[in-house]
Amino acid sequence: MAQAKPKYAYFQGKIVPIGEATISVMTHALHYGTAVFGGLRGYWNNDEEQLFVFRVHDHFERFVQSAGLMRIDVGCTPHELTRVLMELLRTEGFRENIYIRPLAYKAMEGIGVRLHDVEDALTIFAMPFGDYIKPAGLHLGFSAWQRVDDNTIPARGKISGSYANSALIKSDALLAGYDEALVLNADGHVSETSASNFFIVRRGVAITPPVTSNILEGITRRTVIQLLRDDLGVEVVERDIDRSEVYLAEELFLCGTGVQIAAATQVDHHVIGGGDTGQITHRLRELFFNVVSGRVAKYRDWLTPVYSPEKVAAP
Ligand SMILES: Cc1ncc(COP(=O)(O)O)c(C=O)c1O
């Protein structure tokens with residue numbers, strides 16, 4: 001799949017052309033997966049001619065916390081990271097939907113597996129981005145792999161090394177003809193997919209695994225819980241989910257910055273609900289896209305505008 005390329009990156013403390021943001025083959029993070037990253041989206045609102053970054057502070061807070069788990073000093077607070085990001089996005093001048101990737105990594109050039117006494121570095125880039133996965137009609141399979149365990153690699157951190165686990169899960173799913181896979185944790189309960197959280201609906205109640213089930217603590221998941229409860233009047237329960245409950249679900253959707261809200265209608269060849277996007281998923285998707293693009297006043301504080309209103313208003 002061809003992807004648009006960034007023109008610039010924040011690298012070694014300044015914004016540089018992307019071609020200058022390069023690192024040595026000896027870099028620690030490349031060998032040992034000793035890096036953490038974030039994934040944010042920016043949504044272009046054509047009516048307002050504005051680019052809104054969704055829940056930037058929450059993303060950078062998790063980014064700094066993930067770094068802490070890996071003894072990486074990002075060197076910036078979430079507030080400072082936001083300032084740097086806004087400068088980068090204005091330099092790019094995007095007028096479309098984008099994906100943003102901050103990465104903090106162990107930058108030492110040399111051999112030696114450890115986290116302490118290894119220098120850290122930070123980079124951020126962003127690029128135009130559409131759907132990561134098709135938004136409806138997904139066929140999922142259960143992975144033969146197990147989700148990383150908190151006592152193996154902290155599952156709530158967005159740690160580069162643990163995405164080897166995600167890549168195994170995703171490739172096996174695609175090569176077996178599925179669109180994505182659900183994965184069990186060490187307890188045998190369903191945790192999430194290779195790159196998203198998930199919800200099932202049973203008897204009208206939305207159910208999602210708790211944060212202690214080796215999931216990434218998704219910011220979209222948190223958003224969805226609030227939208228379902230406060231705006232759609234749907235009861236939400238956070239509890240362990242068994243594999244067979246998934247097969248019996250009325251609705252099933254994935255959520256995450258990449259997948260956004262994506263409906264699954266088959267799991268291991270079991271048809272979910274009636275085989276179409278369920279009613280709750282449908283309403284949630286509509287609300288979600290209104291929220292992220294700035295069309296719901298009460299959630300405007302989740303959005304950070306990139307361009308100043310003066311600049312936007314200019315013809
Ligand atoms: C493994 C994994 N789980 C869940 C998520 C969802 O997290 P968020 O909603 O913060 O993007 C992601 C990232 O998108 C992920 O990579």
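Reader: In the loop between which two helices is the place of Arg71, and is Arg71 buried, partly exposed or exposed?

Author: In this predicted model, Arg71 sits in the loop that runs between H2 and helix H3 (78-92). A residue counts as buried with 20 or more other C-beta atoms within 10 Å and as exposed with 12 or fewer. Because Arg71 has 14 C-beta neighbours inside 10 Å, the class that applies is partly exposed.

Reader: What is the phi of Arg71, and which value does Asp268 take?

Author: Most residues other than glycine have a negative phi. Arg71 is not a glycine, and yet its phi is positive, at about 55°. Asp268, in the loop between strand S15 (260-267) and strand S16 (270-271), is partly exposed, with 14 other C-beta atoms within 10 Å. Asp268 is not a glycine either, and its phi is positive too, at about 50°.

Reader: Which residue takes a positive phi in the hairpin of S4 and S5?

Author: The strands S4 and S5 run antiparallel and are joined by four bridges, and one of the pairs across them sets Asn45 against its bridge partner in S5, Gln50. The hairpin has four residues between the strands, and the residue there with a positive phi, near 45°, is Glu49.

Reader: How many residues of strand S6 are buried, and which strands does S6 pair with?

Author: Strand S6 covers residues 98-106 and is mostly covered, with seven of its nine residues buried. Three bridges join S6 to strand S3 (residues 35-37) in an antiparallel run, with Val36 opposite Ala104, and three bridges also join S6 to strand S4 (residues 40-45), again antiparallel, with Arg41 opposite Tyr99. Strand S7 (residues 120-128) pairs with S6 in the antiparallel sense over nine bridges, and there Tyr105 stands opposite Ala121. To put the reply together, seven residues of S6 are buried, and the partners named here are S3, S4 and S7.

Reader: Is Asp117, in the loop between S6 and S7, buried or exposed, and how many Å apart are Asp117 and Tyr8?

Author: Asp117 belongs to the loop that lies between S6 and S7. Because Asp117 has 8 other C-beta atoms within 10 Å, it is exposed. Asp117 and Tyr8 are 109 residues apart in sequence, and the distance in space, C-alpha to C-alpha, is 30 Å.

Reader: Which element gives the largest share of the side of domain 1 that touches domain 2?

Author: The domain assignment of the chain gives domain 1 (8-128) and domain 2 (138-296), and 24 residues of domain 1 are in contact with 14 residues of domain 2. The elements that give two or more residues to this side of domain 1 are helix H1 (28-32), S3, S4, strand S5 (50-54) and helix H2 (56-69). By class, the side of domain 1 that touches domain 2 holds 11 nonpolar, eight polar and five charged residues. The largest share of that side is five residues, and it comes from H2.

Reader: Which residues touch the most other members of the largest nonpolar core, and what does Ala264 touch?

Author: In soluble globular proteins, nonpolar side chains tend to be buried together. The largest nonpolar core here has 81 residues, and those that touch the most other members are Phe199, Leu252, Phe253 and Ala264. This core draws at least three residues from each of domain 1 (8-128) and domain 2 (138-296). If residues up to four places away in sequence are not counted, Ala264 touches Leu138, Leu140, Leu252, Phe253, Leu254 and Ile272.

Reader: How many residues surround the ligand, and which helix gives the most to the shell around it?

Author: The ligand is surrounded by 14 residues, and the closest are Leu216, Gly218, Thr220, Gly256 and Thr257. By class, the shell around the ligand divides into three nonpolar, nine polar and two charged residues. The element that gives the most to this shell, with three residues, is helix H5 (residues 219-231).

Methods: Residues are numbered from 1 along each chain as its sequence is written. This is a predicted model: local features need pLDDT of at least 70, side-chain atom pairs count only at pLDDT 80 or more; totals for chains, interfaces and linings use all residues. A residue is near a molecule or strand if its C-beta atom, placed from the backbone, lies within 6 Å of it. Ala, Val, Leu, Ile, Met, Phe, Trp, Tyr, Cys and Pro count as nonpolar, Asp, Glu, Lys and Arg as charged, and the others, Gly among them, as polar. A nonpolar core is a set of buried Ala, Val, Leu, Ile, Met, Phe, Trp, Tyr and Cys residues joined through C-beta atoms within 7 Å. Domain bounds come from an automatic or database domain assignment. Two residues are in contact if their C-beta atoms, placed from the backbone, lie within 7 Å. Two strands pair if DSSP finds at least two bridges between them.
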